[in-house]
Amino acid sequence: MAVQYLLALAAIATSVVAAPATSQVNCGGGRTVKNAACCAWFPVLDDIQENLFSGATCMEEAHEAVRLTFHDALAAQREGKFGGGGADGSILAFSDIETSFQANFGLEFTTEGFIPFALAHNVSFGDFVQFAGAVGASNCLGGPRLQFLAGRSNISQPSPDGLVPEPFDSADKIFARMEDIGFSPVEVVDLLSAHSVSAQYEVDTDVAGSPFDSTPSIFDTQFFVESLLKGTAFTGNGQGGEVLSPIPGEFRLQSDFAISRDTRTACEWQSLISSHSTMVSKFEAVMAKLAVVGQDPRKLIDCSDVIPVPATAKVQVAAFPPGKSRADVEPACAATPFPSLATMPGPVTSVAPVLD
Ligand code: CA
Ligand code: CA
């Protein structure tokens, strides 16, 4: 099947030529871009918003789109030591191989859903993964507007297994793996802002859709607050990388627990609680880097102007969930006091799963 996709799309690989950016080009329908080549992405945008993201929502498919950008791009090694081409679309081109890896367990449902859109619009798998991730993230209230560069070749190789970090990996192992491809421990924290609009579907399938914070459709800083609260109960079966969570229905990954409390990253983690705008700008910066792992960005065309501007979140200040207070915090940053937060009013409630 993978070979078939390659043949069908091989022609795209050589067809991208970066046109000079000039004044605005009219794509029709009141839409303009800097580079005329980017007009071709509006039909893709309209199609996936309607038919993949159920009307531009920040639900399961949007979460999975962001997740897919990670699982495609992180499968790389600096200087190609052990193979893996990064953000090259290999996770779609060789989905049958890569979704058999433990770290990609369950992603076959996502790749099966995404592949037809890339084929229908004749865009490369590498571009499509990053485009869908950027559009999916933009559907979340308060979300980032991620850079989108187009023009990745559609020729890729299946990545080797073992390159994508797992929830049960130690902080040491995750940091070493990420440093392999040029991300510092602090940048790992910035990347984990994605968990503000995420849920787990595969770590424990019995509680599929259980989110990592209480506001999984809003790109806010609640994830960084709630992940520092003392865990009290398992939402799932307590295996495969799950640790105790502070809120019923919320799922806590062992890797998030470890990184939030690690001396190398605890202060970055805590610092993101107090500034939504900092969280957004840092996430945009690291995602721009992630999207071109294994690529030469100078050969790509900036089509970021096709990505929708996210709606603003109503509440932009972090707070303790109902029933929680400073007494429930496990602060881990020695250098700076934990910020002063209010407690949300209302009864303690369970966080609902995110399912389309
Ligand atoms: Ca890849
Ligand atoms: Ca959130």
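## Cysteines and their bridges

At 1% relative accessibility, Cys303 counts as buried (buried means under 20% relative accessible area, exposed over 50%, and partly exposed in between, using a 1.4 Å probe and protein chains only). Its partner is Cys38: the two form a disulfide with sulfur atoms 2.0 Å apart (a disulfide being a pair of cysteine sulfur atoms within 2.5 Å). Cys38 also counts as buried, at 0% relative accessibility. The torsion about the S-S bond of Cys38 and Cys303 is about -80 degrees, so this disulfide is left-handed. Cys38 sits in the loop between strand 2 and helix 2 and Cys303 in the segment after strand 8 (301–302), so the bridge links distant parts of the chain, 265 residues apart. Helices (H or I, at least four residues) and strands (E, at least two) are DSSP runs, numbered from the N terminus.

A search of the whole structure turns up 4 disulfides. Counting bonded cysteines along the chain, their pattern is 1-3, 2-7, 4-5, 6-8. Another of them joins Cys27 to Cys39, with an S to S distance of 2.0 Å. Cys27 belongs to strand 1 (residues 25–28) and Cys39 to the loop between strand 2 (31–33) and helix 2 (41–51), so this pair ties together parts that are 12 residues apart in sequence. The link is left-handed, with -80 degrees about the S-S bond, and Cys27 is partly exposed at a relative accessible area of 24%. Cys58 and Cys140 are also bonded, their sulfur atoms 2.1 Å apart. That pair links distant parts of the chain, 82 residues apart: Cys58 is in the loop between helix 2 and helix 3, and Cys140 in the loop between helix 7 (125–138) and strand 3 (149–150). Here the link is right-handed, with 75 degrees about the S-S bond, and both Cys58 and Cys140 are buried.

## About the model

This is a predicted model, in which local features need pLDDT of at least 70 and side-chain atom pairs count only at pLDDT 80 or more, while totals for chains, interfaces and linings use all residues. Residues are numbered from 1 along each chain as its sequence is written, chains are lettered from A and ligands numbered from 1 in the order in which they are written, and side-chain values use heavy atoms, with hydrogens and water left out.

Thr215 counts as buried, at 17% relative accessibility, whereas Ile218 counts as partly exposed, at 24%.

The largest pocket has a volume of about 760 Å³. Of the 34 residues that line this pocket, His71, Pro165, Pro167, His195 and Leu253 are the closest to its centre. On a 1 Å grid over the protein atoms alone, a pocket is an open set of points with protein on both sides within 12 Å along at least five of seven lines, a cavity is a set where a 1.4 Å probe fits but cannot get out, and lining residues have an atom within 4 Å of a point. Grid points are joined across faces, edges and corners, and a volume is the space filled by probe spheres set on the points. Helix 3 gives the most to the lining of the largest pocket, with 6 residues. By class, that lining has 21 nonpolar, 8 polar and 5 charged residues (Ala, Val, Leu, Ile, Met, Phe, Trp, Tyr, Cys and Pro count as nonpolar, Asp, Glu, Lys and Arg as charged, and the others, Gly among them, as polar).

The second largest pocket has a volume of about 370 Å³. Its lining has 24 residues, with Ser214, Thr215, Asp220, Gln222 and Met344 nearest the centre.

## Enclosed cavities

The whole structure holds 3 cavities of 30 Å³ or more. The largest cavity contains about 60 Å³ of space, and Thr69, Gln130 and Met287 are among the residues that line it. Helix 7 provides the largest share of that lining, 3 residues. The lining comprises 5 nonpolar, 4 polar and no charged residues.

The second largest cavity has a volume of about 50 Å³. Its lining includes His71, Glu98 and Asp161, and divides into 6 nonpolar, 4 polar and 2 charged residues.
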